[in-house]
Amino acid sequence: MKEAILLIACPDRVGIIARIAHFVFERGGNILSLDQHADPETGMFFARFRWDLSALSIHPADLSEAFAPLAKEFRADWKLELLTPRCSRLILFVSKYAHCLNDLVWRQREGELKGEIVAVISNHPDLESHCTQYGLPFHHIPVTPATKASAETEQRKLIDHYGANLIVLARYMQILSAGFVNAYPAQIINIHHSFLPAFIGGNPYRQARDRGVKIIGATSHYATEDLDEGPIIEQDIIRISHRDSLEELVCKGRDLEKVVLARAVRAHLERRILVHGHKTIVFG
């Protein structure tokens, strides 16, 4: 089944859903799902339409042009995409930790993630054997303060080479430059523990344990030049106690990281995320 996804944000008004539904009907489309949210505080309307293109009366490539006048009338920010088996191509950035890499590869191969992992880039050689086992191209690009700019240039060439349209920082322990991040708006997903900003630097789990923290968590967000302050996509927590050792905290934290990252990546691949300013609307 060929499908289209429309994500739209615009000032709220009467009849938006009816007008869009009529647009789909006039062109032979069949709406499969609709999720919408009206924010009374901002007066904004947000929606996700998914429709079947099997009986479309115009060429699918002409849909965006056909919808543009209606979007202009609504003063909308919008994106209309045709979903195809190869429309989502992921490139993973990793360092030395394998848990997120392993989890994403497994989920993709089990069909949970509707996209193709095309390559892995790392600033360390440690995970090359994992990628060889998975049959994934592995590119080791060391990063130092002196080579950061040239390393990012090489990374961007590889992103273009593989035609990747989503970059997943699967525990990539390097800060990306503002120029790199701004080149891929809402196309870089990061994961980290939720101790920030309280416990910064090395050994955050030890710091948390020493302070008697009762809850640990993980946050996945789009990367921006404001480091870990990008629009949040997914979060989760788990309760801990004084009985948990440092090793147990780390283990529980890594479990959360891979699950939260997978949820965020899945939401992105299914076109369920609408970025509005500094926040996201994540449709169910």
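**View 1. Lining of the largest cavity.** Val-143, Lys-148, Ala-151, Glu-152, Gln-155, Tyr-172, Gln-174, Ile-175 and Leu-176 line the largest cavity. This is a predicted model, where local features need pLDDT of at least 70, side-chain atom pairs count only at pLDDT 80 or more, and totals for chains, interfaces and linings use all residues. Residues are numbered from 1 along each chain as its sequence is written, and side-chain values use heavy atoms, with hydrogens and water left out. The volume of the largest cavity is about 40 Å³. One cavity of 30 Å³ or more is counted. A cavity is a set of points, on a 1 Å grid over the protein atoms alone, where a 1.4 Å probe fits but cannot get out; lining residues have an atom within 4 Å of a point. A volume is the space filled by probe spheres set on the points, which are joined across faces, edges and corners. By class, the lining has five nonpolar, two polar and two charged residues. Ala, Val, Leu, Ile, Met, Phe, Trp, Tyr, Cys and Pro count as nonpolar; Asp, Glu, Lys and Arg count as charged; the others, Gly among them, are polar.

**View 2. The open sheet.** Seven strands run in the order S7-S6-S5-S8-S9-S10-S11, with mixed pairing. S7 (138-140) and S11 (232-239) are the edge strands; each has a single partner strand, so one side of each lacks a neighbour in the sheet. Neighbouring strands are turned by 20 degrees against each other on average, direction ignored. Strands (E, at least two residues) and helices (H or I, at least four) are DSSP runs, numbered from the N terminus. Two strands pair if DSSP finds at least two bridges between them.

**View 3. The S9-S10 pair, with H3 on the sheet.** S9 (residues 188-193) and S10 (residues 215-222) pair in the antiparallel sense over five bridges. Asn-190 stands opposite His-221 in S10. Helix H3 (residues 99-109) packs on the sheet and touches S5 (89-94), S6 (116-122), S8 (166-169) and S9. Contact means heavy atoms within 4.5 Å. The direction of H3 makes about 165 degrees with that of S6. Axes are lines fitted to C-alpha atoms, for helices over the stretch in contact; angles run from 0 to 180 degrees between N-to-C directions.

**View 4. Buried residues of H3.** His-99, Cys-100, Leu-101, Asp-103, Leu-104, Val-105 and Arg-107 are buried. Buried means under 20% relative accessible area, exposed over 50%, partly exposed in between (1.4 Å probe, protein chains only). Partners of these buried residues include helix H4 (128-134) and helix H8 (246-269). Just after H3, Gly-111 takes a positive phi of about 85 degrees.

Conventions
1 Å grid on protein atoms, 1.4 Å probe; cavity = no way out; pocket = protein on both sides within 12 Å on 5 of 7 lines; lining within 4 Å.
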